[in-house]
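Please look at the sequence and the structure before reading on.

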Amino acid sequence: MQIKPVLFSFLFILLTFTTSAQALGEQKKTFTRADTLRGSLRPERTCFDVNYYELNIKVDTGEHSISGSNKIVFKAMNNFRVMQIDLFENMNIIQIISEGKELKYKREFNAVFVYFENEVPSGSTREITVYYQGKPIVAKRPPWDGGFTWTYDNNGKVWVGVSCEGMGASSWWPMKDHLSDEPDSMRIICTVPSGLQCISNGVEENVNMRGDNTTTFHWKVSYPINSYNVTLNIGDYVHFADQYVAADGEKLDLDYYVLSYNLEKAQQQFKQVKPMMSCYEKYLGKYPFWNDGYALVETPYLGMEHQGAIAYGNKYLTGYAGRDFSRIGLDFDYIIIHESGHEWWGNSVSCKDIADMWIHEGFCTYSEAIYVECLFGKDTAMRYINAKKTSVGNKNPVVGIYGVNEEGDGDMYAKGMLMLNTIRHIINKDGLWWSIVKGISDTAFKYKTTDYQEITNYISKKSGINLAPVFEQYLKQANIPVLEYKLKKTKHGEYELSYRWQVDVKNFRMPFVISYSAGQEKRINGSDEWQTTSIKLKKDTQLKVNDELMYIDVKKL
């Protein structure tokens with residue numbers, strides 16, 4: 001039962017109210033109340049914690065529509081009468097039921113406020129079931145501009161995919177659409193026309209052939225899952241399987257769902273999975289969703305990190321859709337390596353607010369370098385990392401604006417990787433560095449949501465170095481550190497080297513490495529204040545600053 005809005009003057013003010021936020025790095029943007037309802041943790045959201053979702057829908061591939069329900073089981077975090085869930089305005093709510101009674105609700109933009117007849121007491125576990133239907137948004141340019149992709153394979157069979165990162169899961173199913181709250185587990189039950197399969201996240205529990213020329217597929221996710229990872233893949237799939245054996249002898253199921261005419265290509269291309277899995281296990285810990293297995297599912301769009309059902313649309317080419325994405329001649333399948341890296345970064349270790357999406361994308365892009373170092377050596381990995389410098393714009397901060405569902409700049413991918421490589425060389429102890437990386441992915445933040453402060457504090461604490469100003473410069477400012485230096489000849493064969501870091505933050509300290517005189521190297525601790533040291537040189541052109549170990553600019557004055 002929907003509560004009809006009353007258009008008092010205060011409501012008009014409420015709906016047209018905007019807030020302006022000044023982003024770091026002098027980037028200004030205005031946000032609306034709709035952005036705040038979507039992105040902020042207001043009392044109607046913090047009052048409950050989701051334990052379990054049971055999404056049960058029927059997909060009409062002819063009408064491009066869906067209908068069904070989602071059961072939301074939650075724990076009350078305090079006493080409340082009103083809770084907020086989310087569902088896009090173009091999707092119609094039929095009714096909301098709890099304990100056999102229909103609940104009243106009110107819509108405001110894409111937010112849905114659900115009203116309980118009696119106060120829900122703190123600590124209690126309750127559930128609501130939202131019945132709904134509608135035509136979800138059609139993806140314009142998946143996966144970047146997401147939604148449903150409705151198409152046909154080469155045999156004329158229906159082929160459907162879903163991708164909704166950024167846009168949000170509430171674009172097609174009702175739930176609490178904030179990254180800070182993941183269900184402990186969920187089920188996805190999907191009914192499709194007979195002759196098609198629906199591949200979703202987790203483990204397939206059973207398949208029911210119905211009497212109305214439809215088939216229902218039951219999938220169970222037994223781990224926490226962030227909402228945009230929930231997906232449907234509908235098509236005329238064939239399945240083949242393999243197993244990965246971990247270092248401790250435990251076996252992981254590998255499941256592959258591809259279009260029939262691509263079976264031989266897939267069997268060859270997906271051989272890259274097991275050596276990749278071995279590398280990631282070594283540096284990041286065992287595959288985090290072991291009991292649910294690992295799957296690649298062919299999709300009509302390039303790719304997406306859907307948990308346990310990774311979307312694969314790279315057309316069995318090397319690189320990125322056939323391009324040498326490495327820029328140094330490596331020929332691995334970028335979509336397999338990158339999207340699988342997200343199982344650790346983004347799916348297991350997840351950010352609380354989309355403003356910290358760099359935690360997903362920066363670390364995941366760095367996992368590509370981990371893969372390269374594991375298989376091809378450190379020198380090749382360093383070439384791989386540095387080849388990405390030209391793709392960084394340094395126009396806006398990597399960290400977005402909190403509370404309004406606003407992610408940061410696209411530099412979060414390559415710049416995030418370059419920053420992490422910089423931190424590695426600031427620490428300058430590879431054993432310690434790799435223990436920190438693995439500590440984040442396999443222990444401290446595994447299956448958890450986290451944020452900028454927690455991650456950066458952890459790395460500082462474990463390294464024993466105050467890296468807060470470094471993280472702030474790389475992530476919350478647009479500019480990268482600029483090493484300014486000048487040389488003054490003091491006597492024959494000797495120069496005075498003056499240097500400082502030109503940065504936007506205070507108390508910035510970071511070492512740098514110079515080479516001089518017949519290949520000698522020296523590590524110097526710099527700060528945002530001018531310092532001097534003596535150095536022996538025959539001529540000033542002998543001095544070179546190593547800008548491959550760290551992502552910096554160098555300016556000789």
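## Terms and basis

Helices (H or I, at least four residues) and strands (E, at least two) are DSSP runs, numbered from the N terminus. Two strands pair if DSSP finds at least two bridges between them.

The model is predicted: local features need pLDDT of at least 70, side-chain atom pairs count only at pLDDT 80 or more, and totals for chains, interfaces and linings use all residues. Residues are numbered from 1 along each chain as its sequence is written, and side-chain values use heavy atoms, with hydrogens and water left out.

## Paired strands

Strands S25 (residues 482–491) and S26 (residues 494–502) pair in the antiparallel sense over 9 bridges. They form a hairpin with 2 residues between them, and Gly493 in the turn has a positive phi of about 75°. Lys491 stands opposite Glu494 in S26.

S26 also runs antiparallel to strand S29 (residues 531–536), to which 6 bridges join it. Here the bridge partner of Tyr499 is Gln531 in S29.

## The nonpolar core

A nonpolar core is a set of buried Ala, Val, Leu, Ile, Met, Phe, Trp, Tyr and Cys residues joined through side-chain atoms within 4.5 Å. Buried means under 20% relative accessible area, exposed over 50%, and partly exposed in between (1.4 Å probe, protein chains only). In soluble globular proteins, nonpolar side chains tend to be buried together.

The largest nonpolar core has 162 residues, and Trp172, Phe270, Tyr294 and Trp358 have the most contacts inside it. Helix H7 (residues 358–376) gives the largest share of this core, 9 residues.

## Cavities

On a 1 Å grid over the protein atoms alone, a cavity is a set of points where a 1.4 Å probe fits but cannot get out; lining residues have an atom within 4 Å of a point. Grid points are joined across faces, edges and corners, and a volume is the space filled by probe spheres set on the points. The structure holds 2 cavities of 30 Å³ or more.

The largest cavity has a volume of about 140 Å³. Of its 13 lining residues, Arg38, Asp177, Leu179, Ile354 and Asn405 are the closest to its centre. The second largest cavity holds about 30 Å³ of space, and its lining includes Tyr366, Glu373, Lys378 and Arg424. H7 and helix H8 (378–386) are the elements that give two or more residues to this lining.

Note on methods
On a 1 Å grid over the protein atoms alone, a cavity is a set of points where a 1.4 Å probe fits but cannot get out, and a pocket is an open set with protein on both sides within 12 Å along at least five of seven lines; lining residues have an atom within 4 Å of a point.
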